[in-house]
Amino acid sequence: MNAPVDVSFFARAAKPLTSYRPYWAKRFGPAKFLPTTRQEMEQLGWDSCDVVLVTGDAYVDHPSFGMAVIGRVLEGQGFRVGIIAQPDWQSADAFKALGKPNLFWGVTSGNMDSMINRYTADRKIRSDDAYTPGDVAGKRPDRAAIVYSQRCREAYKDVPLVLGGIEGSLRRIAHYDYWSDKVRRSVVVDSKCDLLLYGNAERALVEVAHRLAAREPVESITDVRGTAFVRRASEAGWFEIDSTTVDEPGRVEAHINPYQTTSEQAAAQGSTCSKEDGEAGAAASAAAAPEIAGPSCGTGKNSPAQRRVDAPLVAGVEEGDFVKPIQFVVNPALRTKLKVPPRDHSVIRLPSYEQVKSDPILYAHANRVLHLETNPGNARALVQAHGEGTTARDVWINPPPIPLTTAEMDYVFDLPYARSPHPSYADENGSHEATTKIPAWEMIRFSVNIMRGCFGGCTFCSITEHEGRIIQSRSEESIIQEIEDIRDKVTGFTGTISDLGGPTANMYRLGCRTPEIEAACRKPSCVYPGICQNLTTNHDPLIKIYRRGRALKGIKKILIGSGLRYDLAVQSPEYVKELVQHHVGGYLKIAPEHTEQGPLTKMMKPGIGSYDKFKKMFEQFSEEAGKKQFLIPYFIAAHPGTSDEDMMNLAIWLKKSGFRADQVQTFYPSPMATATAMYHSGRNTLKRVRRTVLNEDESVDIVRGEKRRRLHKAFLRYHDPNNWPLLREALKTMGRADLIGNGKHHLIPTFQPMTDGTYQSARRKNSTAPGKAVARPQAAAPAGRNTTAPVKGQLLTQHTGLPPRAGTGAKPAGRPVGKAQGRPAQGRPVSKGR
């Protein structure tokens, strides 16, 4: 049975979004598109905007684009909202296009972190941008949140500035910056914003907007959850806690185990309890130094028992009597209950920016403490000092926002979105194709977002840092209504819903069985190392939506393109059967990420056994349905904790399984992710961080340097001849030259064909450039199909050596957004690396 979403702790802890009195401008009603020019404002009868939103993405009025959601939510509250999309940041002129905002600026870099959007995992500049018309790169600056904020200040200095989006969420404290290879200050300090709203910020945004509309100074708005701001003086009435008392970064001596036997205690000290060993050790010690007797607990001449008998007796005690052990009694004067400061008035002081910048161990400690304080039910405020002396100021981070209820989720997604790009991007025919095509919108054009959040806790992923671990689900009626709206209103719909999911497709309405436990839990994951006994795994509500959705008139097919948590799916065989037999279009993409326990434990991912179990069920139900379908597994290279041997074993597994990956994902250290803290510090932040490594689990093997990262990537593409020289050298160094040969059991051959030494991904090589038509050699070829005759022996699929779907030579679609480090703020548009 599912946890009742609307009666949980969180539902009772916040003011509903719909309970605010609408602002006076509500009388203007909703706009078909939020205005982007003065002319559009005049057509709506506006003389000014209450809020101007600045974004690094093209303006697509769709609930999968964060700025559209924020704009529509504010419009629903009665505010006049304008949007400045992808402005020219070279001067402040473009930021004056809509005039001076009456209430505040709203700034974001877009659905993706601007650095991840612009650079590859190898720090090379990308040649495309899926959030720009024509897939053109270079339409936003590096660190766009900071640049846009500076230009807004130049345009209208006295207007409050509110920063949001995923770039702000991931940089709310001092953070490791992969591109400059150093720790940078909080984005609150660098952008000089008045408020930072992190996470899905509808609740905080609505409250802040109404308080600013009531003429409350922005400096006094310091009590809103999910916000961060700069504070120069200590706050009265708060209990400050040193973070080192929460998670001690220094050396911690092991406590004596009271349940250890005497023998075990002696063994731990390097001695023995054996009588013979005790006598031998005592004799040797006496010979070396007669005045010093070696420690022993045996019963020999020098044993503690014998020394007790031979020792002078305590006065008043007859010889032969045993001395009674000392008993410790609690001091009655101390029998007072320890008073713990209230959590809602406690703030944890993290090590300062200057400290974490120069000390990777303190950085790892601060990152770990931040992740311990992410549950809205028990999280405390955090504070981190930046600067010293007269320039010193604190970055204050309030606890995370209260998740939205099902009713509030419905309210947000039922707003009057146009579900298409702004008309200004259209070509002369009014369409958004070819040079005006926006790939991110194309990907989610016919998809429906049914939930938010993820309790998987994968360390390389940014979903948890942004959307949180609490699943926020829409109602069945709201989801069905959106499917019908797509069918009836979206141009170009052919009857296929491309996705019905979210960050994870099968976490809909899953959560903790008990609200009290959910509010008190501090675990980073509900499914690692195993599925929590308090987690519901009932997929019945999702099955019901699938069946009802595909039964709608005009709906031919509903596909599932979001990431799938297969260790949860196998808990519900009925769900797997429903998915496999009705919602897979020939290929299903899942992400085991690795096969070896070393990297999997650092990723917090399930073992490959869970994948094997799901694969067995997948093949069984496909066969029952008479369908030939294939799983496409994805793996990640160079993740912290991955050794060269781990990658070699993964390559062997891939070859035995018949997989040939053309698109390879290399670990991308995104700001604030747990794996990024591992990458920077070399320590396992899933455990207590210490200065001295006491065991192997506390240190992490970090894959640094271009050569080693290339090697790990080459193991994933063991079949590419360009990688064979590098792999031969590595296998010989590792003592595994037995894997080099021309047999089926060898990983790579001994011969080397002529190659150009370069690699071009299958997607880029086979894709059509904007504005160019696909060549179709046969006049009668169906639209959208490439009927070029395949070369014998050529692998046609994008990811594997498996045969293509019957009747087509097309490759499967590219990977949908799953657990991506560059996770969009809303929905699932294109991801650029994990």
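**Aromatic pairs in a predicted model**

Me: How many aromatic pairs does a search of the whole structure find?
Reply: The search of the whole structure finds 24 aromatic pairs, where rings of Phe, Tyr and Trp (its six-membered ring) pair if their centres lie within 6.5 Å, and planes under 30 degrees apart count as stacked, over 60 as edge-to-face and the rest as tilted. This is a predicted model, in which local features need pLDDT of at least 70 and side-chain atom pairs count only at pLDDT 80 or more, while totals for chains, interfaces and linings use all residues. Residues are numbered from 1 along each chain as its sequence is written, and side-chain values use heavy atoms, with hydrogens and water left out.

Me: What kind of pair do Y23 and F79 form?
Reply: Y23 and F79 form a stacked pair, with 4.8 Å centre to centre and 25° between the planes.

Me: Why does that pair tie together parts that are apart in sequence?
Reply: Because Y23 lies in the segment before α1 (38–43) and F79 lies in the loop between α2 (66–76) and β3 (81–85), the pair ties together parts that are 56 residues apart in sequence. Helices (H or I, at least four residues) and strands (E, at least two) are DSSP runs, numbered from the N terminus.

Me: Are Y23 and F79 buried or exposed?
Reply: Y23 and F79 are both buried, meaning under 20% relative accessible area, whereas exposed is over 50% and partly exposed is in between (1.4 Å probe, protein chains only).

Me: New topic: which residues do ring pairs link into a cluster?
Reply: Ring pairs join Y566, Y611, F614, F618, F635, W653 and F659 into a cluster.

Me: And where does the charged end of R123 sit?
Reply: The charged end of R123 sits over the ring of Y178, 3.9 Å from its centre, the rule being that NZ of Lys or CZ of Arg is within 6 Å of the ring centre and within 35 degrees of the ring normal.
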